[in-house]
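Subject: Handing over the structure, with notes on what was found

Dear colleague,

Please find the structure below, together with the notes that I promised to send with it. I would be grateful if you could read them with the structure open beside you.

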Amino acid sequence: MSGATMSREGYFAPREGRVLCIAHRGARSVAPENTILAAQRGLEEGADLWELDVQLTADGHLVVVHDDTLERTTDVASRPEYAGRAPWRVRDFTLDEVRGLDAGGWYQAADPFGVVASGGVTADDLALFPGLRIPTLDEALAFTADHGWRVNVEIKDMAANGPGYPGDEAVTRAVLECIRAHGLTERVLLSSFRHAYLRHAAAMEPALALAALVEDVRPDDPMALCRDLGVVAYHPGGDIVTEADVAALRAMGVAVNVWTVNEEADMRRFLDWGVDGLITDVPLLCWGVLRERGQGA
Ligand code: G3P
Ligand code: CA
């Protein structure tokens, strides 16, 4: 299905019991998150699409990074030239500065999923990590297009970035322009916790598939929220979704993709509930479960 032309509503159809395996920040359990290598590993591990996080640099470029600071996933804190710039917010760094950071060397010592200690990544793979760069959205979408793949682009909430920072509409427009430039309108699922971005996207690009992200607290009425936003998908954290929500949303034609599902028992439980997609750090495990159940896309 990944190579087919799809309408906005068709992003998840025909389902026929098939469920999407979505590689969270790429296959971040086996490669540094939100890098092209992590995307490559997600593709190799059988994911139907990958998920990435996008933010703006100080000079207005879209870059793929999760945290609002660069400390956790780059070497910025050990770079003498940036010693006076803590907390190293993405919004305070130019694209050139961001691109000069090492976005992979941190992984081996941090070993966030224990795969270095367990031998779950090879020495050859580990040798690829130091020197990885934070991708631009342009590069991430080029990779997606080149592989006939799909991607869930999550726009991070940048509204707190203060006076002079581009507003919601400008941020959304920049993301949409990049998506259009790569001819990926039918292959992108756009999501955000900041629903204002989704409203702007719906107005500017009606053909784009949108997903409402929610976390921490279950909305009073997820169905009303999705109807109001006009989204084709609902992305709840696994702790706040209920079986009844899944049934009600699917009955109204809204797909449910749950994050972040890394344990096999949780995957099976959500699949039993009838979800449409699993957003996971371990796509290989997810792919195996889906294949075994005959639910692989
Ligand atoms: O899109 C699902 C998930 O990525 C949202 O949370 O913090 O991992 O970006 P976070
Ligand atoms: Ca994300």
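Predicted model: local features only at pLDDT ≥ 70, side-chain atom pairs only at ≥ 80, totals over all residues.

I begin with E139, which at 31% relative accessibility counts as partly exposed, a class that lies between buried (under 20% relative accessible area) and exposed (over 50%), computed with a 1.4 Å probe and the protein chains only. E139 is found in helix α6, where helices are DSSP runs of H or I with at least four residues, strands are runs of E with at least two, and both are numbered from the N terminus. Leaving out residues up to four places away in sequence, E139 touches I36, R99 and I134, contact meaning heavy atoms within 4.5 Å. E292 lies 153 residues from E139 along the chain, and the C-alpha atoms of the two are separated by 34 Å.

Residues are numbered from 1 along each chain as its sequence is written, chains are lettered from A and ligands numbered from 1 in the order in which they are written, and side-chain values use heavy atoms, with hydrogens and water left out.

Helix α6 also holds T144, which is buried, with a relative accessible area of 0%. Not counting residues up to four places away in sequence, T144 touches W50, W149, R150, V151 and L184.

Helix α6 (137-146) is also one of the elements against which the buried residues of α1 pack, the others being β1 (20-24), β2, α5 (123-128) and α12 (283-293). Those buried residues of helix α1, which covers residues 36-44, are L37, A38, A39, R41 and G42. Just after α1, G46 takes a positive phi of about 95°.

Turning to the ligands, the residues around ligand 1 are H24, R25, E51, D53, H66, E154, K156, F193, L213 and W259, a residue being counted as near if one of its heavy atoms lies within 4 Å. By class, this shell has three nonpolar, two polar and five charged residues, where Ala, Val, Leu, Ile, Met, Phe, Trp, Tyr, Cys and Pro count as nonpolar, Asp, Glu, Lys and Arg as charged, and the others, Gly among them, as polar. An N or O atom in the side chain of R25 is 2.8 Å from an oxygen atom of ligand 1, and polar side-chain atoms also lie 3.2 Å from a ligand oxygen in the case of D53 and 2.7 Å in the case of K156. Taken alone, ligand 1 exposes 290 Å², of which the protein buries 92%, these areas coming from the Shrake-Rupley method with a 1.4 Å probe.

Because E51 lies in strand β2 (residues 49-56) and E154 in strand β4 (residues 151-155), the pair ties together parts that are 103 residues apart in sequence. Both E51 and E154 are buried.

Most residues other than glycine have a negative phi, and most peptide bonds are trans. W88 lies in the loop between β3 and α2 and has a positive phi, near 60°; W88 is buried, with a relative accessible area of 10%. A cis peptide bond also joins W259 and T260, with omega about -25°, and T260 has its place in the loop between β8 (255-258) and α11 (264-273). D216, although not a glycine, has a positive phi of about 65°, and at 66% relative accessibility D216 counts as exposed.

Methods:
Polar contact = N/O pair within 3.5 Å; in protein donor to acceptor, adjacent residues only side chain to side chain.
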